[in-house]
Amino acid sequence: MDNLKQTHLGWAVNSLKNAIRTFLPLGYIPIGDVCIDNARKVELILLADSGDNIIELVAPIDDSSPVSDILKRNGPTPYHVCFSIDVEKSFEDCKKDFEKNGFIVLHEPAPAPLLEGKDVVFLYSQHIGLIELVLNRKEI
């Protein structure tokens, strides 16, 4: 777990358009276009400030999206921190380390359209909540 690098903060919102308009005066601008992730039933966009801070806005496409439940419980809110990790061969290489540290793997790695199709996986810790891992495959 020593090769983790924080990449962005995921923020659940009801409307990308309204959230973008609200983040603009805070110094954030869109980087890239809106992306539809049909598998996760969300639309997404990345926003960046003039430093190294990146926010991923995540809005549900319909009520069956997992983000809909987050919004119903909490309203618009940050809900995950994303890290990239270099993985050799397979996710199994690092999965055991996360489990030893109290994380529960919520699903198998799956491609994320917004992140150039790289595999991502979400993990949960009762102490810090939800994290997302972007798997950078390093074949040897």
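Analyst: One cut-off before we start: buried means under 20% relative accessible area, exposed means over 50%, and partly exposed is whatever falls in between. Keep in mind that what you're looking at is a predicted model.

Ile-36 sits in strand 2, which covers residues 29-37. Together with Val-34 and Ile-61, Ile-36 forms a nonpolar patch on the surface, and the three share about 240 Å² of accessible area.

Now look at Cys-35, whose relative accessibility is 13%, so Cys-35 counts as buried. Is there a disulfide here, or none? The count for the structure comes to 0 disulfides. For Cys-35, the nearest cysteine sulfur belongs to Cys-82 and is 14 Å away. Cys-94 is in no disulfide either; for Cys-94 the nearest cysteine sulfur is again that of Cys-82, at 13 Å.

Moving on to Asp-37, we meet a charged pair. Asp-37 forms a salt bridge with Arg-40, and the closest N and O atoms are 2.6 Å apart. Asp-37 is also buried, since its relative accessibility is 5%.

Then comes Lys-41, in the loop between strand 2 and strand 3 (42-48). Its backbone deserves a glance: phi of Lys-41 is near 60°, a positive value in a residue other than glycine. That stands out because most residues other than glycine have a negative phi. At 33% relative accessibility, Lys-41 counts as partly exposed. Glu-116 has a positive phi near 60° as well. Glu-116 lies in the loop between strand 7 (110-111) and strand 8, and its 72% relative accessibility makes Glu-116 exposed.

Not counting residues up to four places away in sequence, Ser-65 touches Arg-40, Lys-41, Val-42 and Pro-60. Ser-65 sits in the loop between strand 4 (54-60) and helix 2 (66-74). From Ser-65 to Asp-86 is 21 residues in sequence, and their C-alpha atoms are 29 Å apart in space.

Next, the core. The largest nonpolar core has 12 residues: Ile-85, Val-87, Phe-91, Cys-94, Phe-98, Phe-103, Val-105, Val-121, Leu-123, Ile-131, Leu-133 and Leu-135. Strand 9 gives the largest share, with 3 residues. The general background is that in soluble globular proteins, nonpolar side chains tend to be buried together. Cys-94, one of the core residues, is buried because its relative accessible area is 7%.

Leaving out residues up to four places away in sequence, Leu-133 touches Leu-4, Phe-83, Ile-85, Phe-91, Phe-98, Asp-119, Val-120, Val-121 and Leu-123. Leu-4 also turns up in the contacts of Ser-84, alongside Asn-3, Lys-5, Thr-7, Val-134 and Asn-136, once neighbours within four places in sequence are set aside. Ser-84 belongs to strand 5 (residues 77-87), and is buried because its relative accessible area is 12%.

Last, back to charges. How many salt bridges does the structure hold? It holds 3. Besides the Asp-37 and Arg-40 pair, the side chains of Arg-137 and Asp-119 meet at 2.9 Å, N to O. That pair links distant parts of the chain, with Arg-137 in strand 9 and Asp-119 in strand 8, 18 residues apart. Arg-137 is partly exposed, since its relative accessible area is 37%. Lys-100 and Asp-97 form another salt bridge, with the closest N and O atoms 3.7 Å apart. Being 3 residues apart in helix 3, Lys-100 and Asp-97 are separated by about one helical turn. Lys-100 is exposed because its relative accessibility is 66%, whereas Asp-97, with a relative accessible area of 29%, is partly exposed.

Methods:
Residues numbered from 1 in each chain as written. Predicted model: local features only at pLDDT ≥ 70, side-chain atom pairs only at ≥ 80, totals over all residues. Heavy atoms only, no water. Helix = DSSP H or I, 4+ residues; strand = E, 2+ residues; numbered from the N terminus. Buried < 20%, exposed > 50% of the residue type's maximum accessible area, 1.4 Å probe, protein only. Contact = heavy atoms within 4.5 Å. Core = buried A, V, L, I, M, F, W, Y, C linked by side-chain atoms within 4.5 Å. Patch = residues over 30% accessible without salt bridge, like charges linked within 9 Å, V, L, I, M, F, W, Y side chains within 5 Å. Areas by Shrake-Rupley, 256 points an atom, 1.4 Å probe, with all protein chains shown as cover. Salt bridge = Lys/Arg side-chain N within 4 Å of Asp/Glu carboxyl O. Disulfide = S-S within 2.5 Å.
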